[in-house]
Amino acid sequence: MKKLIFAVVFMMFLAPWSAGAEELFKKGTWELGIDSSSSSGALSPFIGYFVNDNVEGIFHLSYFNSEQDDPNSTSDIKSDALRLSAAFTYNMPLDTGLVPFVQGEVIYINVETEGSSADLIGIAGGIGVTPFLAWLDAL
């Protein structure tokens, strides 16, 4: 939970210096940021580039390391996961400062657990709202 709070605070205070609100979704704008997973609490950096007004291509990179109790043994089960993904996001800025978006993503995950390895490929989609961008105009 602390990581999630840190990521939100970090983005709220540093995002305003990256670009003005009117320039944020324009073609040719770069974006650096941090996403957080609500399920694992892990932070993952991303880089984005607006290929067209309001349309952003995003690349994510994440690495997770975990240990779980093995009920059949005195040792823990250790696993590592590398996640790479590429996404396209369509942002719909409103005059209120709220920014609804839709996103499509292709995901590759490599999971290594003691003695085994697996590669996973998936497709995901989602919708959301970015509320804190409303503060860009106020600064």
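This is a short talk on one protein chain, from its overall fold down to a few single residues.

Hi everyone. A word on the basis first: this is a predicted model, where local features need pLDDT of at least 70 and side-chain atom pairs count only at pLDDT 80 or more, while totals for chains, interfaces and linings use all residues. Residues are numbered from 1 along each chain as its sequence is written, and side-chain values use heavy atoms, with hydrogens and water left out.

Let's start with the fold. The chain has two helices and six strands, taken as DSSP runs numbered from the N terminus (helices are H or I, at least four residues; strands are E, at least two). In sequence order the pattern reads α-β-β-β-β-β-β-α. Of the 139 residues, 25% count as buried, and here buried means under 20% relative accessible area, exposed over 50%, and partly exposed in between (1.4 Å probe, protein chains only).

Now to the strands. β5 (residues 99-113) and β6 (residues 116-130) pair in the antiparallel sense over 15 bridges; for strands to pair, DSSP must find at least two bridges between them. Across that pairing, phenylalanine 101 sits opposite glycine 128 in β6. Two residues lie between the strands of this hairpin, and there glycine 115 has a positive phi near 90°.

On to one residue I like, threonine 29. Where is threonine 29 placed? Its place is the loop between α1 (2-14) and β1 (30-36). Is threonine 29 buried or exposed? With a relative accessible area of 15%, threonine 29 is buried, because that value falls under the 20% cut-off. Beyond its neighbours within four places in sequence, threonine 29 touches Glu23, Leu24, Gly48, Tyr49 and Phe50, where contact means heavy atoms within 4.5 Å. There is also a polar atom of the threonine 29 side chain 2.9 Å from the backbone oxygen of lysine 26; a polar contact is a pair of N or O atoms within 3.5 Å, and within protein one must be able to donate a hydrogen and the other to accept it, with residues adjacent in sequence counting only if both atoms are side-chain atoms.

Finally, valine 51. This residue is found in strand β2. Why does valine 51 count as partly exposed? Because its relative accessibility is 38%, which lies between the 20% and 50% limits.
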